[in-house]
Structures are given as C-alpha cells and as structure tokens.
Amino acid sequence: MTNETIRKLHKTAAIAVSVLTAVAAVCLSAGCIAIFLSGDKPFSPESVAKTFTYIQIPVYLCLLSALFGFLLDIFFPLEEKKKKSKPDREMTLLRLRKTEDMENASENDKKAILSARRTSAVINGISAFLYLAEITAYIYIVFSAGLFTRGDNSSVAITKNVTDALIIMLPFLALAIGIAFCRCMMIKALTKKECDLLSSLPKKSKDADEDAEKAKNADRALSDTVIRTIIVFAAIACIVGGYISGGFSDVLAKAVAICTECIGLG
C-alpha cells in the first residue's frame with residue numbers, strides 16, 4: 001500500500017475510535033440516568049444488566065476499531081515526513097512576555113498589548129459561558145421532553161430515549177464546534193498581534209531578568225511551603241478530631257453497609 005493509503009487508514013481508525021467512544025460515553029450516561037429513575041430498587045443487578053444491554057454494540061465496535069488501529073501501527077506504521085516545524089505562537093508569546101521590556105515601551109504599545117490581553121480574556125470567558133449555557137439547555141430540553149421517565153425501564157424504551165437524546169444533541173454539538181472554531185480564529189489573531197507588538201519592544205537586561213526570576217522562584221517556594229504546612233496541620237487536626245468524636249466507627253459501619261447491601265455481597 002502507498003503511504004497516502006496508509007495515512008488515510010490511520011486517520012479513519014482514529015476518527016472511528018473517537019466517534020464510537022463518544023457514543024458509548026453518551027449511552028453510558030443515559031443508562032446511569034435511566035437506572036436512577038427506574039424505580040424503588042434501581043441498583044439491582046438485574047436492572048443494571050437490562051439497562052446496559054444496548055451499550056454492548058458501540059463498546060464492541062469501539063474495541064474492534066481500537067484493535068484495527070493497533071494492528072495498523074504494527075504492520076503498516078506511518079512514515080513521518082520531514083518538514084519544518086512551525087513555531088508555536090503560544091510558546092512564542094510566553095517567551096516574549098518574559099524577555100521583552102514592558103516598562104520602557106511607549107504608551108500606545110502598552111495600551112495595544114493590554115487591549116489584546118483583555119480581549120483574549122473576554123473571548124475565553126464568553127466561550128466558557130456559552131458552553132455552560134449549551135450544557136444547561138441540553139439537560140433541560142432532554143428532561144423536559146420526558147425522555148427518561150421513572151418506571152419505564154424496558155430495553156426498547158431506553159434505546160428510543162437514547163436515540164432521541166443523541167438527535168437532540170446534534171445541533172448543540174454543531175454549535176459547540178462553531179463556537180470553538182470562532183474562538184480559535186480570534187485567539188490566533190490576537191496572539192499574532194501581541195507577538196508582533198512584543199517583538200518591537202526593547203529587550204530586558206539579562207541581570208534584571210535573572211533577578212526577577214530568582215525573586216519569583218523564592219516567592220513560589222515560600223508559598224508552597226506555607227500551603228503544605230497548612231494542609232499537614234489541617235489533616236492532623238481532622239484525624240485527631242475524627243478519632244475523638246468516634247467518626248471512624250461510623251465510616252466503617254457505612255462501608256460495611258455499602259458492601260453488603262448495595263453491591264450485594266451479603
């Protein structure tokens with residue numbers, strides 16, 4: 001086979017594994033919700049086995065796709081093309097922020113750089129808010145449509161509910177991809193703008209840069225020591241308090257009850 005055919009096969013296997021893993025995760029989440037809403041005793045082995053029966057197909061297909069990709073890696077490995085690696089703008093930006101002297105920059109350059117940073121922060125915040133709103137709206141629509149109603153735990157009903165939930169998910173998924181694409185494009189443009197602005201600034205002196213780095217490392221070491229000390233003393237206080245109040249006996253009793261009642265060892 002040609003290198004192009006092998007590359008396409010590897011790409012197809014990776015896409016198949018990703019899609020089937022996402023489908024299996026959605027089916028598993030839907031099954032957990034269905035078990036929770038299935039009745040008075042949702043955690044019996046029979047109800048769990050009955051609910052998770054429909055997940056077998058995507059799980060087996062996912063395993064077969066992963067096995068196919070594994071065999072491809074063994075018998076038809078990819079031959080990496082030698083090409084010039086493009087510089088990572090994020091790493092370049094971080095390096096420039098450390099080496100460029102903002103103190104001696106002009107007011108216009110300072111305003112432009114700070115504006116680019118604020119705009120990036122606003123874009124990230126808006127993207128996070130939109131993702132959260134999407135998830136909330138999807139959960140609200142799914143439960144408002146009554147897809148997972150209490151008491152209806154038949155395999156046919158669960159399969160239909162999961163299918164409907166996946167269909168409802170499609171526009172939300174498309175919108176999430178669109179948001180991610182727009183955010184990526186805007187952040188990329190802002191990063192390039194800030195890199196260009198920082199590149200035109202004077203360099204920091206080596207001594208000043210080293211002193212700032214040493215001071216930063218000293219502050220970080222001090223804060224880490226303080227945090228670790230507080231955590232250790234808080235842990236000791238909690239252990240002593242739990243021992244005095246007899247809390248360990250309650251934990252042991254609950255652990256025994258979980259093993260013998262919920263899982264069914266008893």
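A residue is called buried when its relative accessible area is under 20% and exposed when that value is over 50%, with partly exposed in between. Keep those cut-offs in mind as you explore this structure, which is a predicted model.

**Salt bridges**

- Side chains of opposite charge can pair when their charged atoms come close.
- Searching the whole structure turns up two salt bridges.
- One of them joins the side chains of Glu194 and Arg117, at 2.6 Å from N to O.
- This pair ties together distant parts of the chain, since Glu194 belongs to helix α6 (residues 155-199) and Arg117 to helix α5 (residues 107-144), 77 residues apart.
- Is Glu194 buried or exposed? With a relative accessible area of 2%, Glu194 is buried, because that value is under 20%.

**Cysteines**

- A disulfide is a covalent bond between the sulfur atoms of two cysteines.
- How many disulfides are there in this model? The count comes to zero.
- Cys182 is partly exposed, with a relative accessible area of 42%.
- Cys195 is buried, because its relative accessible area of 6% is under 20%.

**Helix α3, side by side**

- Helix α3 covers residues 56-75.
- It has 20 residues and reaches 28 Å from its first C-alpha to its last, close to the 28 Å expected at 1.5 Å a residue.
- Which residues of α3 are buried? They are Pro58, Cys62, Ser65, Gly69 and Leu72.

**A nonpolar patch on the surface**

- Ile57, Leu61, Leu64, Leu67, Phe70, Leu71, Ile74, Phe75 and Phe76 make up a nonpolar surface patch.
- Together, these patch residues have about 900 Å² of accessible area.
- Leu61, one of the patch residues, is located in helix α3.
- At 40% relative accessibility, Leu61 is partly exposed, because that value falls between the 20% and 50% cut-offs.

Methods
Residues numbered from 1 in each chain as written. Predicted model: local features only at pLDDT ≥ 70, side-chain atom pairs only at ≥ 80, totals over all residues. Heavy atoms only, no water. Salt bridge = Lys/Arg side-chain N within 4 Å of Asp/Glu carboxyl O. Helix = DSSP H or I, 4+ residues; strand = E, 2+ residues; numbered from the N terminus. Buried < 20%, exposed > 50% of the residue type's maximum accessible area, 1.4 Å probe, protein only. Disulfide = S-S within 2.5 Å. Patch = residues over 30% accessible without salt bridge, like charges linked within 9 Å, V, L, I, M, F, W, Y side chains within 5 Å. Areas by Shrake-Rupley, 256 points an atom, 1.4 Å probe, with all protein chains shown as cover. Expected span 1.5 Å × (residues − 1).
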